[in-house]
Amino acid sequence: MSLPAHRVADTIARSSYGKLIAFLAARTGNIAAAEDALSDAFAAALSDWPVNGCPDNPEAWLLAVARRKAVDVVRRQNTSESAMADLLVLNETPTSAAAIDTEIPDQRLALMFACAHPVIDSSMHAPLMLQAVMGLDAARIASAFLVSPTTMGKRLVRAKQKIKSAGVPFRVPELDELPERLDSVLDAIYVAYSDGWSDPAGTDAVRRDMGHEALFLGSLLVELAFDEPEALGLFALMLHAEARREARRNDEGGFVPLDDQDPSRWDSAMIDAAENLLQKASEFKSIGRYQLEAALQSAHVHRRRTGIRNWEDILRIYDALLEAMPSPVVAINRALVLAEVEGIDAALRAMPPGNDDPRIRQYQPYWTAKAVLLARAGSIGDAMHAYDIAIGLEGDPAVRRFLQRAKTKLQD
């Protein structure tokens, strides 16, 4: 098989999966059938393109083949009225690639809001979006939500069946329907961006594209719901983080923590855009999680750019965030800030206990934070032990080397 065909198919799979699934699913409301049809279309492409050459419009080619595959499936189910209805919907538009517009309508947000419909269990809103729109498999989603891949797979299947049986419409809801679904959409975009953020060097193509996809969807959401402060807050948060991406690695590829980054390497235009969004969000006088997280990023940027110690302000934001969203992650980060304001003893007391919580025991930043605080308290042996655990849990080689150097300094 020729390499160019592989590359084209891989690029389309990573960049257009969600758009194609959304378009197909919107025809009949059947996400599972759309996924099956698109999978068959990709298989056909990998057989056809190396022989006949890649089409001028690969997306349209895949969409046309996927729709034909879906029509074939429906025809084999011609005993039911619902199958006939699906067939009629699928046949509403031409199935040839040449007849499909160059610009395929982007219905990803419509699919995300369908996944957040009230008839679907709220705990499955974000996982369903991550699979249907972002293309994450059940194993990666299961890892993010601390359940087994088998359990997550079964839940996703049930959620898709519920969408079809309930006749959930694939459309962006009216403004008065937005609030009850918006939080789930924001959470899914945030998880997707975080997945991409975990690859700061941009060497993992899947994660890199995931981050780009999340930024794109965040921008669409702001256009759709500009009067929703949390949508503005989330996009501001992502822009603040993205602005520092290049500074997270030095010229040798080594990890650079925030306090050691060169602010001149930050993207000032992105930071300015984030600040404008955060200012706009504040005008609504309705503070939420994502605005607070964006405000934290803003405060750290101000501290690093000006050299002005503003730890007290940062701690107040963490206090508000912990009240709005109690979580071990927030508590850990708050403890590190508390060390700057009230001292190491207060910080160690504020650290959440890790012995009884499997989420914390497997969370590398917890052990790194604990190591840093213990070292500052003079408990070198305990700090080195915490570093050992952190190093064992870290998958990024650059971060692992950074942690190993930090541990070595304790021995000097």
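## Model and confidence

Helices are DSSP runs of H or I with at least four residues, numbered from the N terminus. The model described here is predicted. Its chain has an average pLDDT of 84, and 88% of the residues reach at least 70.

Residues 87–91 are one of them, with 14 contacts beyond four places in sequence. Residues 93–102 are another, with 18 such contacts. Where pLDDT is low, the predicted coordinates should not be read in detail.

## Helix H11 and the loop to H12

Helix H11 covers residues 229–243, and the loop between H11 and H12 contains Gln261. H11 spans 21 Å from its first C-alpha to its last over 15 residues, close to the 21 Å expected at 1.5 Å a residue. The helix is mostly covered, with 15 of its 15 residues buried.

Gln261 has a relative accessibility of 5%, under the 20% limit, and therefore counts as buried. Its side chain comes to 3.2 Å from the backbone oxygen of Val256. Leaving aside residues up to four places away in sequence, Gln261 touches Arg244, Ala247, Arg248, Val256, Trp266 and Arg304.

## The loop between H12 and H13

Lys285 sits in the loop that runs from helix H12 (268–282) to helix H13 (289–306). This residue is not a glycine, yet its phi is positive, near 55°. Lys285 has a relative accessible area of 73%; exposed means over 50%, so the residue is classed as exposed.

## Aromatic pairs

The structure has 4 aromatic pairs. Trp49 and Trp61 make an edge-to-face pair, with 5.3 Å between centres and 70° between planes. Trp49 belongs to helix H2 (residues 31–52) and Trp61 to helix H3 (residues 58–76), so the pair links distant parts of the chain, 12 residues apart. Trp49 is buried at 2% relative accessibility, and Trp61 is also buried, at 17%.

Another pair joins Tyr190 and Tyr290, whose ring centres are 5.4 Å apart; the planes meet at 55°, so the pair is tilted. Because Tyr190 is in helix H9 (residues 179–197) and Tyr290 in helix H13, the pair ties together parts 100 residues apart in sequence. Tyr290 is buried, at 3% relative accessibility.

## Cysteines

The whole structure was searched for disulfides, and 0 were found. Cys54 is partly exposed, at 32% relative accessibility, whereas Cys115 is buried, with a relative accessible area of 0%.

Note on methods: Residues numbered from 1 in each chain as written. Predicted model: local features only at pLDDT ≥ 70, side-chain atom pairs only at ≥ 80, totals over all residues. Heavy atoms only, no water. Disulfide = S-S within 2.5 Å. Buried < 20%, exposed > 50% of the residue type's maximum accessible area, 1.4 Å probe, protein only. pLDDT = per-residue confidence, 0-100. Contact = heavy atoms within 4.5 Å. Helix = DSSP H or I, 4+ residues; strand = E, 2+ residues; numbered from the N terminus. Polar contact = N/O pair within 3.5 Å; in protein donor to acceptor, adjacent residues only side chain to side chain. Expected span 1.5 Å × (residues − 1). Phe/Tyr/Trp six-rings, centres within 6.5 Å; stacked < 30°, edge-to-face > 60°.
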